[in-house]
Amino acid sequence: MENWVPNPRAKPFVPKFKYKLSHQRGITIGILTGRRCVGKFCKAGLLVVLLLTIGINLLYIFDTSTKLNRNVSTENNLLQDGSKDNTYNNQLRSIVIDVTSSRETVFVAVDGTTVLEDEGFDKNRGIHVIILSQYTGSVMAKRVFDTYSQQEDDAMVLFLNMVSDGRILVFAIKDEGTFQLKKPARDLLKSLKSDNASVLGYRDTWAFVAIKKGKKLGEKHNKAASIDVWAEKVELKVEVPLMAARENECPWLDNDEGQRRKTFCSKVEGYGSVCSCDGPAPISFKPETLHNNEISDIPVAVIASDRPHYLYRMLQTLLSVPGANPKMVTVFIDGYFEEPYAITKLFGLRGIQHTPLGLKNARISQHYKASLTATFNLHPKAQYAIVVEEDLTVSPDFFNFFSQTKHLLDEDPSLYCISAWNDQGYEHSSKDPKMLYRIETMPGLGWLLKRSLYKDELEPQWPTPEKQWDWDMWMRSAGVRKDRECVIPDISRTYHFGSKGLNMNPYFQEMYFKKHSLLTEGLVQLKDVDRMKKDEYEKLLLELIGQARPIDHSKNPCNEDFIPNDLPEGTILSVYIKMEKATDFASWKMIAKCLHLWDLDVRGFHKSMWRLFLKKYHIIIIGSPASPYSTSKPSSIEPITPTPEPVVKTKS
């Protein structure tokens, strides 16, 4: 520093801030003063907003408390028999329900949102029922009951009895819904406070909204002027106050089963004790283990559509029979329907939904194909699959039956399926739980097939979506069957209970399926299993026919004494009917009708021969001369021929 010398050419240092202040002092002070004012205004504004918020919240709390007290009073009035000491939340409102009933249309909307719109004169006739949650107004179930047809009113009564108290019930008739609406159903509607249930007539229109075990919310009814015309359209609008949601309605266990039940019961209605707080119906099962189980690793494909109550009933039995393995069960749903999928998850099963292809029978056929393809893809090591439909109840012997017969498909190339169903196995025509048959017609309705059959033969040539073919009829065709047969039991291991479907109605179910036999015992030891192989079966038949005693062929098959009553136990009887060739079924159809067997088409035969039981006797019916077994016919016997229809002559 002692040697420092100043630079004579350097400019003097002037601080910039001071320079700025000295030149812009007035402007700077103005800016600083403006910022302070803005800050004070903001603080004051925030204080005002805070005070307003506090005031609004206080008003909201007071208003909500008033509404809560009023809504509790409303709920107690609506649900007269309900509990009145529950905890409620504070999100309360009401919904508006619009209902239309007419000849061609039924319509329901909730708060302007369409929840049901069914148009068209040729479908979904009858009483439409919608169940709404009394807490949210959401749809919990939809059903249509064709109460023009038999037994549908009973189904409606059963369904409504399974609905929980307090639910909002919406009814509307489309086309006609009273022809088979009998007194029990009308009495139930009257118990729901309907004023018109007892006077509903042919082709009337009717809309009705009520709370189960509560008040009627609205009802309209128009009478048809005569049986030749329909009543005028009915339109009903009602406003329904919702109830406050209840917390922890049922003390179900806090585990996987409890969570599945809670999820299901919060969304779906109509399953009775499944959602009961006390002693709910089981949704998990511990079936008995099969000894020497040969089918534990075989996948089970459940073919389902939009018939959730059928699916529930079917899965209840399937999962509880000895040998059931839930891990191997997959439910395949034809379409994206919420309720069947919810049923699947309720039981803790895998469910797969897919987009439908084709129409009517073609759609069903494509559903089967997609389900079988997916089954073998999901289980690449599986060499077999069991296929069962949603409208079947299974016997306690279901899996045991397949476990004892599965090996036949490996050891006998003349077989292509094992079926649990006997088309001719009615209560009066089947008897022996241990007996098996070979037949040429594939029955379906619970059957076992090999992977190789499906992947190598069926899948590549499965009917395409534009072909309106029944998949099972196609399976019976000569090009698919290739002279192969199926093994079936004398007493079926499945029972067909479904009365609604594309090819099914209550009358058809009543006439051809209701009286089918179902084996109710389990773990049956089958007899002559290995004699179901081709050559051994022929030997067995020759033995049986050799022991058979011909009946009196002079008697009419339609008469009660056609089969005698006084023969020793274990007697085998033979009947010979006229069959010129293998496709000549006139005599069989006549005798099948007389004996109350399946007579819509020809099923259950082996080389023009049928086996069954009548009046406790084993009956062998042989077509002559078409069947090779007709050589056993005594020369003195004339085969039974169909009785010709009487010719009615008219005057010219």
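Guide: Among contacts in the protein chain with a separation of 6 or more, 71% join residues 24 or more positions apart; a contact means heavy atoms within 4.5 Å. The model is predicted, so local features need pLDDT of at least 70 and side-chain atom pairs count only at pLDDT 80 or more, while totals for chains, interfaces and linings use all residues. Residues are numbered from 1 along each chain as its sequence is written, and side-chain values use heavy atoms, with hydrogens and water left out.

The protein chain has 652 residues, 50% of them buried (buried is under 20% relative accessible area, exposed over 50%, partly exposed in between, with a 1.4 Å probe and protein chains only). Carbon and sulfur atoms hold 54% of an accessible surface of about 33300 Å², an area from the Shrake-Rupley method with a 1.4 Å probe, where for residues only the protein chains shown count as cover. The chain contains 15 helices and 23 strands; these are DSSP runs, H or I of at least four residues for helices and E of at least two for strands, numbered from the N terminus.

The part to look at is α6, residues 338-346. Its buried residues are Glu-339, Pro-340, Ala-342, Ile-343, Thr-344 and Leu-346. Their cover includes the helices α4 (256-265) and α5 (308-318), along with β5 (139-145), β11 (329-334) and β12 (350-354). After α6 comes Gly-348, with a positive phi near 70 degrees.

One of the covering elements, α5, is itself mostly covered, with 8 of its 11 residues buried. These are Pro-308, Tyr-310, Leu-311, Tyr-312, Met-314, Leu-315, Thr-317 and Leu-318.

The axes of α5 and α6 come within 9 Å and cross at roughly 20 degrees; axes are lines fitted to C-alpha atoms, for helices over the stretch in contact, and angles run from 0 to 180 degrees between N-to-C directions. The two helices are therefore roughly parallel (under 35 degrees; over 145 is roughly antiparallel, 65 to 115 roughly perpendicular and the rest oblique). The crossing is right-handed, meaning that the near helix is turned clockwise from the far one by less than a right angle, with anticlockwise being left-handed.

On the α5 side, Pro-308, His-309, Leu-311, Tyr-312 and Leu-315 make the contact, and on the α6 side Glu-339, Pro-340, Ile-343, Thr-344 and Leu-346 do. By class, the residues of this contact are 7 nonpolar, 2 polar and 1 charged; Ala, Val, Leu, Ile, Met, Phe, Trp, Tyr, Cys and Pro count as nonpolar, Asp, Glu, Lys and Arg as charged, and the others, Gly among them, as polar.

Ala-324 counts as buried because its relative accessibility is 13%. Leaving out residues up to four places away in sequence, Ala-324 touches Pro-287, Leu-318, Leu-319 and Phe-399; of these, Leu-318 is also among the buried residues of α5. Between Ala-324 and Phe-398 the C-alpha to C-alpha distance is 9.2 Å, across 74 residues of sequence.
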